[in-house]
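These are my notes from one sitting with the sequence and the model, kept in the order in which I looked things up.

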Amino acid sequence: MSSQDVAFLSEKIFDQYLLQFKPSENQNVHIFLPIRSKNEIDTNIWIDFFWKNGVNVFIPKMIGDHIISVAYTPDTKLVVNTWGIPEPASDVDVKIEFDQVITPLLYADANGNRIGYGKGFYDRFFSSVVYPVQKIGINYFAPEEIISDVDRFDIKLDYLALPDRILSFLEGPLKSTK
């Protein structure tokens, strides 16, 4: 995809997200920063909106084989890790209740199972999060095939935000909220 395609589709996904979720002041949202070399969805659109509307933003930092959540403000110093992912220089893990976790993925199936980059970082992170929390995946593409290698440690998404709709997995296989 071109950078123009990424920008256009990121904006459309963000618009769908806002129609469904309507984040508000003092909510706590964990969201990832995009890996630009992999053409990930530009989450800076979300982050700018959150900051302007008083939503508390937290971003991941990889420590060993797990993710910690670090508060993110316009003044947060970022470094690029060995995976090419921007993350906070700070190692201060925030242990709070999140209203939402917005997660990256390569693919999600019709049951809410997700495929990331294969290291299980988000499954371990989801298992450490205080519930209830909305687990929201964002992706360019709608589910078409079932993921066959799901294991007992995989944690399903609640929703998937796409350029043209939001899918819900809360009551079994997908339901469109468009």
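**Entry 1: Q100**

I began with the side chain of Q100, which makes a polar contact of 3.1 Å with the side chain of Q134; a polar contact is a pair of N or O atoms within 3.5 Å, where within protein one must be able to donate a hydrogen and the other to accept it, and residues adjacent in sequence count only if both atoms are side-chain atoms. I note that this is a predicted model, in which local features need pLDDT of at least 70 and side-chain atom pairs count only at pLDDT 80 or more, while totals for chains, interfaces and linings use all residues. Residues are numbered from 1 along each chain as its sequence is written, and side-chain values use heavy atoms, with hydrogens and water left out.

Q100 is found in strand β6, strands being DSSP runs of E with at least two residues and helices runs of H or I with at least four, numbered from the N terminus. Its relative accessible area is 2%, so Q100 is buried (buried means under 20%, exposed over 50%, partly exposed in between, with a 1.4 Å probe and protein chains only). Not counting residues up to four places away in sequence, Q100 touches Y17, F21, N28, V29, H30, V133, Q134 and I136, where contact means heavy atoms within 4.5 Å.

**Entry 2: helix α1**

Just after α1, K22 takes a positive phi of about 45 degrees.

**Entry 3: helix α2**

In α2, I listed I45, W46, I47 and F50 as the buried residues, and their cover includes α1, β1 (28–31), β2 (56–63), β6 and β9. G54, which follows α2, has a positive phi near 75 degrees.

**Entry 4: K61**

Is K61 buried or exposed? At 8% relative accessibility, K61 counts as buried, and I place K61 in strand β2. A polar atom of the K61 side chain lies 3.1 Å from the backbone oxygen of P88. Leaving aside neighbours within four places in sequence, K61 is in contact with H66, I67, I68, V70, E87, P88, A89, S90 and D91.

**Entry 5: the largest pocket and Y117**

I then turned to the largest pocket, which holds about 760 Å³ of space. Its lining has 39 residues, of which P104, L105, R114, G116 and Y117 lie nearest the centre. The elements that give two or more residues to this lining are β2, β5 (86–88), β8 (114–115) and α3 (121–128). On a 1 Å grid over the protein atoms alone, a pocket is an open set of points where a 1.4 Å probe fits, with protein on both sides within 12 Å along at least five of seven lines, and lining residues have an atom within 4 Å of a point.

Y117 is found in the loop between β8 and α3 and is partly exposed, with a relative accessible area of 40%. Leaving aside neighbours within four places in sequence, Y117 is in contact with I35, K38, E40 and L106.

Terms used. Grid points are joined across faces, edges and corners, and a volume is the space filled by probe spheres set on the points.
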